Amino acid sequence: MGDIGKYLGDAGTRAALLDMLLDHVYLSLVPLAVSVVLAIVLGLLCHRFRRVNATLIGLSNVVYTVPSLALFAIIPAVIGTQVLDPLNVIIALTVYTTALLVRPVAEALAAVPAHVTAAATAMGFRPLRRFLTVELPLSVPVLAAGVRVGSVSNISLVSVGALIGTGGLGTLFTDGFRQRYLAPIIVGIVLTLVLALVVDLLLVLLRDRLTPWTRAGERL
Amino acid sequence: MIEFRDVTKRFDDGTTAVNGLDLVVEAGTITVFVGPSGCGKTTSLRMVNRMVDPTSGTVLVDGRDVLGVDPPALRRGIGYVIQQAGLFPHRTVLDNVATVPLLTGWTRRKARQRAAELLELVGLPAELGRRYPVQLSGGQQQRVGVARALAADPPVLLMDEPFSAVDPVVREGLQDELLRLQAELDKTIVFVTHDIDEAIRIGDKVAVMRTGGVLAQYAPPAELLTRPADDFVAGFVGKDRGYRSLSFVDSAGVEVARAPTVAEGAERGSSSDWRLVVDADDRPRGWVAPDSTVVPGGSLYEVGASLRGALDAALSSPSGLGVAVDADGRVAGVVTARQVLDVIESRRG
């Protein structure tokens, strides 16, 4: 414990930790946000076109089996980025999270009751507006569950990116192991955990804000 | 006015849902499409607001071919009530009702104000407006569905089995409510149901359709009961149709006789006749039998109501005397089944 106190006592270390934390937030949450948008678009295509559905769901299952470290290494070869470019991690995680979210989005859209969508159409909604104001809001509970899994998974996977030197809290593990110094490793674990919990809490708050109707039954 | 001109709908799988439908729905009336499942009644309804487009033929709303109108614009001018109400679960009752006004560009404030008026119109308390649909009973949800369909004050209302998911007592209340609203609003209503009793109860005219989308008969309900076009209609209209057709004949020709009465709580004495017990306000409370026991009365009918009511009052009365009451529920007199039957016979001649 004394080690950790000494480690955190240094102002330079604390500043470096903050940088790593912010890097970590950036590297994990940007892909999350991008993939939510992508998954909604792809989920909509799955929902509307049966053939797209089979293809995309199959593809997303395959993508999810590719090891993350391999993906980090392959991406520069595919899109021509530098090996150490943080963009590699962002793209890789976006691919993963999108693959994770497509199926629940498609399923949530399919679960919107037919009489509700029929009523919306009969009321004079155009397709895009109907999607954005009726079908999508009704899919939020399922989508939110997927996003929470995605956020935890991204926050842990960003640490793997440190192995190819892309920054984030994972750097604490690589440094700690190289120097055989336990303090940064423990600090890294704690910060990663706290970050995951805080993001999850924020996501739950956001979900509740967007879906007051799901709790309406309880207040009767 | 809605007009179907030789309208046929064949689906991609080769089934014919509607076959050569020719029919005019008069403005300001309730027309009911009724028939067994697969008779094309819902498909016909959906061709009015272009949820389905015909394979051939023309559907006109107020003389205008609906195929010439952009579907969303067309639909905003036609109210639609769906089975199970189809309310948006994620919007409050008030915002559900405000849907079409908001779509047509009203301000939120004005749309909500209009929605509140409509909740009142369909007989729902204002505080329900803040709730979500899941917090409402089935009957309340249907009322909200009707309010939502009426929000933009469309001249035409399409109702697709709107009351079939609620229990019979609630359904009857909703039917009465619809008739009351219609008397006030004078909409052109097309109503789809598989329930012939509902059709006869609320329709100004009823279109009976048979499997394969063929119109079997299009007539006012009384005519459907008394002169079914063929065996299919007769069978579909069902049992007791002779008796039920009396619903459409008023009892004006039935003379009521003075009732032998005895005041409630008074000394009964003895009598060889049945006597009607009345309370201080002259309302019927039951009968005193010749052996002086008190028995509950039968059904009551209001003077001038249908012959069905008069006949039922006589048939259900323990004394054989049907009790007629005035609008305030006071005893107006009594009738026998024989008198009612005589009136029926004399009208026939």
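Two residues are in contact if their C-beta atoms, placed from the backbone, lie within 7 Å. The structure is a predicted model, in which local features need pLDDT of at least 70 and side-chain atom pairs count only at pLDDT 80 or more, while totals for chains, interfaces and linings use all residues. Residues are numbered from 1 along each chain as its sequence is written, and chains are lettered from A and ligands numbered from 1 in the order in which they are written.

**Exercise 1. Describe the overall build of chain B.**

Step 1. Helices (H or I, at least four residues) and strands (E, at least two) are DSSP runs, numbered from the N terminus. Chain B has 13 helices and 17 strands.

Step 2. Along the principal axes, the C-alpha atoms of chain B fill a box of roughly 80 × 50 × 30 Å.

Step 3. A residue is buried if 20 or more other C-beta atoms lie within 10 Å of its own, exposed if 12 or fewer, and partly exposed in between. Of the 349 residues in chain B, 42% are buried.

Step 4. Among the contacts in chain B with a separation of 6 or more, 58% join residues 24 or more positions apart.

**Exercise 2. State whether A:Arg180 and B:Arg50 are buried or exposed.**

Step 1. A:Arg180 is found in the loop between helix H8 (170-179) and helix H9 (182-210) of chain A. Its phi is positive, about 50 degrees, although A:Arg180 is not a glycine.

Step 2. A:Arg180 is exposed, because 7 other C-beta atoms lie within 10 Å.

Step 3. B:Arg50 lies in the loop between helix H1 (41-48) and strand E4 (56-61) of chain B. B:Arg50 also has a positive phi, near 65 degrees.

Step 4. B:Arg50 counts as buried, because it has 20 C-beta neighbours inside 10 Å.

**Exercise 3. Check the span of H9(A) and identify its buried residues.**

Step 1. The expected span of a helix is 1.5 Å times one less than its number of residues. The 29 residues of H9(A) should therefore span 42 Å, which agrees with the 42 Å between its end C-alpha atoms.

Step 2. The buried residues of H9(A) are A:Pro184, A:Gly188, A:Thr192, A:Leu195 and A:Val199.

Step 3. Their cover includes helix H1 (2-9), helix H2 (11-48), helix H7 (127-161) and H8 of chain A.

**Exercise 4. Characterise the side of chain B that touches chain A.**

Step 1. In chain B, 20 residues are in contact with 17 residues of chain A.

Step 2. Helix H2 (71-76) and helix H4 (99-103) of chain B each supply at least two residues of this side.

Methods:
Nonpolar A, V, L, I, M, F, W, Y, C, P; charged D, E, K, R; others polar.
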